[in-house]
Amino acid sequence: MSHRFITLISVSDKTGIAEFAQALVGFGADIISTGGTASHLRSAGITVREVSEVTGFPEIMDGRIKTLHPAIHGGLLGRPEADADSMEKHSIESIELLIVNLYPFEETVARPDCTFADAIESIDIGGSAMIRAAAKNHECVAVVVDPQDYDTVISELKRGDGHLTSVIRLDLAKKAFAHTACYDAAIWAYLRSSDNDKTLPEEFPLGLRRHADLRYGENPHQRAGIYTTLTGGAGAVIVARQLQGKPLSFNNIADADAAIECAITLDPTACVIVKHANPCGVGVAVTAREAYEKAYATDPQSAFGGIIAFNTAVDGQTAASMINQQFIEVIIAPSFDDSAVEAFQGKPNIRVLETGKLAQTSSSGLQVQQITGGVLLQDKDIGSVNRSKLTVVSERQPTDQEVADAVLAWKVAKFVKSNAIVYCKDGATLGIGAGQTSRITSVQVAALKATEAGLELRGAAMASDAFFPFRDGLDVGAKQGVEVVIQPGGSVRDEEVIAAANEHNIAMLFTGMRHFRH
């Protein structure tokens, strides 16, 4: 049977709230509410008591204080048995159900015209306090923060003859605390970014929200989901629109992210092919098709089943060229013209992702990597070089073309797992050595890849993501015909390595910057 129970409703997002409240009334709910929500419910024909009627105190300070009152928080925190005397003494009624969602802080600060004062005023205090109070007292109070849960609550009330079980109240409480944690994290992130604070924080609230469940993780026995961060980002995989294809897997998403992050850093027009988180081919050209052909030629074997990213629009000719040459798991680009979309429809299993306008550069910020018992936190590696930042340490000066090839190789090396070696020439990678436990092995693997693909390394640039600890890497590169080497420098054997470059008449550039990627 239904019983009278007090329900407090105060929502910013009024989606479905009138229908939900009407259903609650059918179970015996006596509804109290705040200004805007109360007006909305009354317009739907629902009887509502204003919070000010319960507290005997008006809203003040332009609405900053509405619910911060013992009559409200006592009703949320009071335990019917342990606190019965105190509640009776102060005429406090128990509140059994709280429906609250908070001021839309993130939407407010995302507006281009949002001022700092606007942001501060959109921080919800009373709502957060009520949610936490109700969630703490979940043995007696149910708290609902998500309109998606309205139907579930009604179903549970029907099943429980107007009562909610302890299990559902606990589930709602967990969701409520996660909700306020994410809300506070968003505020922290905004305040931290507003003054360009560059120090590492003492505490770091992540504020992740589940975006979607995935079939499994890296392997079928691992559970997985994709979660959004507070900042999101233009052109990111997580906000891309999937035009066709099967659902994305954990590995698809990780590889697509690596591919588009690399593509963003390259000059238009560029194509990046990634396999198992490593670029296996990169091309820069005048057209998308030409860029793809260069990238594919680097390592056709590894490109099979790869993820292909462009930093420019894809046309029908480029789409046809890809389909005719290789098996594709995912293709991601800012846009696809009608002829490209039509071409991909002939291969319905290909996952086609449209990002919209890409960010101008790889996103900055802090990067988190989980380890057992904690996380590693660091600035994202957005370091880059241009001709003016390079130091020529060899006797021979490089030509302009050699510098251009070296810079491209260096940009690609940043996205290759360490130890990384990349050969480049004429806007294309020729061989990539990734993830080896010794640098000389990476040099050899990269050369082997070029040989297997039938590519000539004579005249190429060679990039190393970290310094050469010995001259042997230079010696192998010289045998392959490398004419320019780009590396950070900083080894105790730099003089030995530079001497090797001079012996082989190789131009050598120091960047002064390392690009380890683990």
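**Figure 1. Helices and strands across the whole chain.** Helices here are DSSP runs of H or I with at least four residues, and strands are E runs of at least two, numbered from the N terminus. Counted that way, this predicted model has 19 helices and 21 strands in the chain. The radius of gyration is 30 Å, well over the 24 Å that the globule rule gives for 518 residues, so the chain is more spread out than a compact globule. Along the principal axes, the C-alpha atoms fill a box of roughly 95 × 55 × 45 Å. As for burial, 47% of the 518 residues count as buried. The chain exposes about 25,400 Å², and 51% of that comes from carbon and sulfur atoms. Take the contacts between residues at least 6 apart in sequence: 56% of them join residues at least 24 apart.

Figure 2. Helix α1 spans residues 17-26, and its buried residues are I17, A18, F20, A21 and L24. These cover an arc of only 160° around the axis, which puts them on the same side of α1. Just after α1 comes G28, with a positive phi of about 105°.

**Figure 3. T34, in the loop between β2 and α2.** Here we zoom in on T34, which sits in the loop between β2 (29-33) and α2 (35-43). Is T34 buried or exposed? Its relative accessible area is 4%, and buried means under 20%, so T34 counts as buried. Set aside the neighbours within four places in sequence, and T34 is in contact with I9, S10, E50, V51, E59, K66 and T67.

**Figure 4. A nonpolar patch on the surface.** Which residues form this nonpolar patch? They are F204, L206, L208, Y227, V368 and V375, and together they have about 490 Å² of accessible area. One of them, V368, has its place in strand β14, residues 366-371.

Notes:
Residues are numbered from 1 along each chain as its sequence is written. This is a predicted model: local features need pLDDT of at least 70, side-chain atom pairs count only at pLDDT 80 or more; totals for chains, interfaces and linings use all residues. Side-chain values use heavy atoms; hydrogens and water are left out. Patches are made of residues with over 30% relative accessible area and no salt bridge: like charges are joined within 9 Å, nonpolar side chains (Val, Leu, Ile, Met, Phe, Trp, Tyr) within 5 Å. Accessible areas come from the Shrake-Rupley method with a 1.4 Å probe; for residues, only the protein chains shown count as cover. A salt bridge is a side-chain nitrogen of Lys or Arg within 4 Å of a carboxyl oxygen of Asp or Glu. Buried means under 20% relative accessible area, exposed over 50%, partly exposed in between (1.4 Å probe, protein chains only). Contact means heavy atoms within 4.5 Å. The arc is that of the directions from the helix axis to the C-beta atoms. The radius of gyration is taken over C-alpha atoms; the globule rule is 2.2 Å times the number of residues to the power 0.38.
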